[in-house]
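Here are some exercises to work through with the model open beside you. Try each task before you read its solution.

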There are 2 protein chains.
Amino acid sequence: MSVGIRHDDLRRRNRAMVISAVRRAGQPSRTEIAATTGLSHSTISAISSDLIREGILAESKASEPVSLKRGRPQVGLALNPEAAAVLTVVLSLNFLSAAIIDYAGQVVAEEQRRLDTLTMPRDELIRECMAIVRRRLDDPDLDVRSVARIALAIQGITDSPARAMLWSPITPQTDIAFADMLEDEFGIPATVENDCNMMAVALRWRDPDRYRDDFIAILLSHGIGMGLVLKGELFTGTHSSGGEFGHMIHRPGGALCRCGRRGCIEAYAGNYAIWRNATQMSEDSQPVADVSDADMRALAVRAREKDGPEREAYRKAGEALGFGLGSLFALIDPAPVAMVGASAAAFDLIEPALRKAIAQTAGGQHSGSISFDTEPNELPLIREGCAMRALSFVDQQIFAPGAQMRPGVRKNVA
Amino acid sequence: MSVGIRHDDLRRRNRAMVISAVRRAGQPSRTEIAATTGLSHSTISAISSDLIREGILAESKASEPVSLKRGRPQVGLALNPEAAAVLTVVLSLNFLSAAIIDYAGQVVAEEQRRLDTLTMPRDELIRECMAIVRRRLDDPDLDVRSVARIALAIQGITDSPARAMLWSPITPQTDIAFADMLEDEFGIPATVENDCNMMAVALRWRDPDRYRDDFIAILLSHGIGMGLVLKGELFTGTHSSGGEFGHMIHRPGGALCRCGRRGCIEAYAGNYAIWRNATQMSEDSQPVADVSDADMRALAVRAREKDGPEREAYRKAGEALGFGLGSLFALIDPAPVAMVGASAAAFDLIEPALRKAIAQTAGGQHSGSISFDTEPNELPLIREGCAMRALSFVDQQIFAPGAQMRPGVRKNVA
DNA sequence: CTAATTTTTTCGAGCCTCGAAAAAATACTG
DNA sequence: CAGTATTTTTTCGAGGCTCGAAAAAATTAG
């Protein structure tokens, strides 16, 4: 059963709508907001004057781009940077970073740190994360009270309510309830997000024309990850962050994967798999723990130079990715794809076999029209995604509070 | 941009909520509706008295199950069967059926017909569909004006707005815009639905406890189809009905599929594939056009009797389905599965290999807890799903009309 | 400086939902 | 069998929200 709409929900939802319109459009005038939301001018006027009085929005007098039209000039509304702040934490292989972002989305402060996540004991890993958050919050320039949300992104599987890391390739530890820990320690609401999901979120903010309602972000790295947006919403599994594209089965009983199973896409397309094939090791051999970006770049150079095991390794990676995408397209129909991560720089080596494989699948009818974009640097993307996710939470849950959905809200399938 | 909520949407949505509560619960009292929707008694009272005055609901005096409690007895609200009617059409291999369903969901009239869909020319196929609809609408007992919606379900791929059949295994014809044709011919709004999606819809109405927010319905028939419900909503592709589980790739370059490609799950688990393997034909040989249910039953009997090619064929089917489900579970997390269709009766032969395969995949961690249900008869399920889908449309769009969503409504991904 | 134009605010009307109280309908009680 | 308790349903006034129309504000064109 869907829950009925109470009268007080109305204002709450329309407030959220106005905030979100401002966040998306930058500096829209009240008139523009009325147009995009479909609400009347009077309503927008009332809501925005509330929001300005509360210090959430501000009239932007700064940049007046002299409206060439005659008539009263539109006055842009902008997010007030001081209305709140959020903190993002990105935890990836041997690397931890944190940043404070103001309400308008600008990075205020940042810190990066190398650490040996693979060997680090559980307590120390947690302690490092807590410590970097504490250092950012202790920044004397920062009004701690304004930090309204923490978003921690991590490679690996998180649970569906975004409370905990369930499993991660960057550490042998499992089931770390980061969200609870952060909330207990700092009293600030927190979520734990999957890195690839955050990449997808960021891509949508960066290029809403290309990445609109349906698209796929694939992380080509030591492992293979995916962030999936369908019908304008981030797709997650029913229990976990889901979208474990890298562990769809490419060849039943095939190459040994880092996850211990056989034949996963990752066991052909992850850096370790490309490395394993390029060095002509057996597909049954244990994946190496890490391949440096420099080694992978050297591999790509050799693969471009001459036909040999290196080129063949990339071909196999492309084939695995292609058949995987083909299966995915069978389920969700073809959609734009972004290839993210260091190995996206070698996408020229991967693409031919990938396209050839897709052409042999149900998605193949449109294989020509499927477009791939590459973005070698995943970390900024992940941080941006975290920031937008945390800010959207503030927009909707803190600055437009009220009747929250109860548990057990069900939709009507028919 | 999501669109703002207008004041008049409020009543519309809450009306829809009340109708849907009655449809789901059968004969709920006003008090029960207030509880499930979270709306106040006064609001429910006002809305339901409107609905009764408009002839959409009726107070059910018939079955008074003498409320053992003291106090004023609850009076149940029920859908008024005469408020409207819908027409369902199910087109499957060599078979066409149509039914009139009253607003309360009861079948009023029904007609079934055999026809040779595989060889029938395009015009004749369309003519047959139109004719069966016309005959049902011409029924003198029926008030034609009350037929508010037509839902046509067909095996194969339909487009995402449910207007046309794009491709179907039951006919060589493609791209038939049934919805437009029906609307032009009869002036009644119509949709074209994928058969497996309707199965999923029906399962949810039949057993909402088991098939609640996330589940999978798989049709084991000549081909392999899937209906998928995720987060309480029917999952469709971005352009088509999507969910082409049968054409996910099981073995790259493997057995020849009916679709002309190689290695699809269907090329191992469809009836024709089981038949091909059981009769020890090459995996490269052309799929047969049809295998009778009797032949398949005989095959299952032989497979149960002794180990041999028949049993091996079922084992291969189970393996393909298992690896496919494993890949699917990697994307969406494990969920309850319903196996529907004639071959579901042979699920005992399929299950062992299927479970063994799932155990080798990412979903395998929970392979023991994944439960399978079987339902050998798909046709009633498809018709029920069509009926519920059409009725829900009437509930929401006709009896709770008003500000419809505009195109271009976007949600906030972050 | 005045008129035209466009944006934004103000104000009253019309709905909608809600809570409280009243009305209705039954079971219990002596 | 009448009166009381109990539960459901309706009624009614209050408070809020959005809307349209009109007014106010701010600018350009002439």
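**Exercise 1. A pocket and its lining**

What is the volume of the second largest pocket? Then find which residues and elements line the second largest pocket.

*Solution.* Keep in mind that this is a predicted model.

Step 1. Start with the volume: the second largest pocket comes to about 800 Å³.

Step 2. Now look at who surrounds its centre. The lining counts 34 residues, and those closest to the centre are B:L93, B:Q155, B:S221, B:H222 and B:D290.

Step 3. Move on to secondary structure. Two or more lining residues come from each of β11 (215-220) and α12 (378-398) of chain B. With three residues, α12(B) gives the most.

Step 4. Widen the view to domains. In chain B, domain 2 (83-198 + 380-398) and domain 3 (244-370) each supply at least three residues to this lining.

**Exercise 2. How the two chains are related**

Which rotation and shift superpose chain A on chain B, and through which surface do the copies meet?

*Solution.* 

Step 1. Superpose the chains: a rotation of 180° with 0.0 Å of shift along its axis brings chain A onto chain B, at an RMSD of 0.1 Å.

Step 2. Name the symmetry: such a relation is that of a two-fold axis.

Step 3. Locate the axis from chain A. The C-alpha nearest to it there belongs to A:R251, at 3.1 Å.

Step 4. Compare the interfaces. Of the interface residues of chain A, 100% are also interface residues in chain B, so the copies meet through the same surface.

How values were computed. Residues numbered from 1 in each chain as written. Chains lettered and ligands numbered in written order. Predicted model: local features only at pLDDT ≥ 70, side-chain atom pairs only at ≥ 80, totals over all residues. Heavy atoms only, no water. Least-squares fit on C-alpha atoms with pLDDT ≥ 70 in both. Contact = heavy atoms within 4.5 Å. 1 Å grid on protein atoms, 1.4 Å probe; cavity = no way out; pocket = protein on both sides within 12 Å on 5 of 7 lines; lining within 4 Å. Points joined across faces, edges and corners; volume = space filled by probe spheres on them. Helix = DSSP H or I, 4+ residues; strand = E, 2+ residues; numbered from the N terminus. Domains from an automatic or database assignment.
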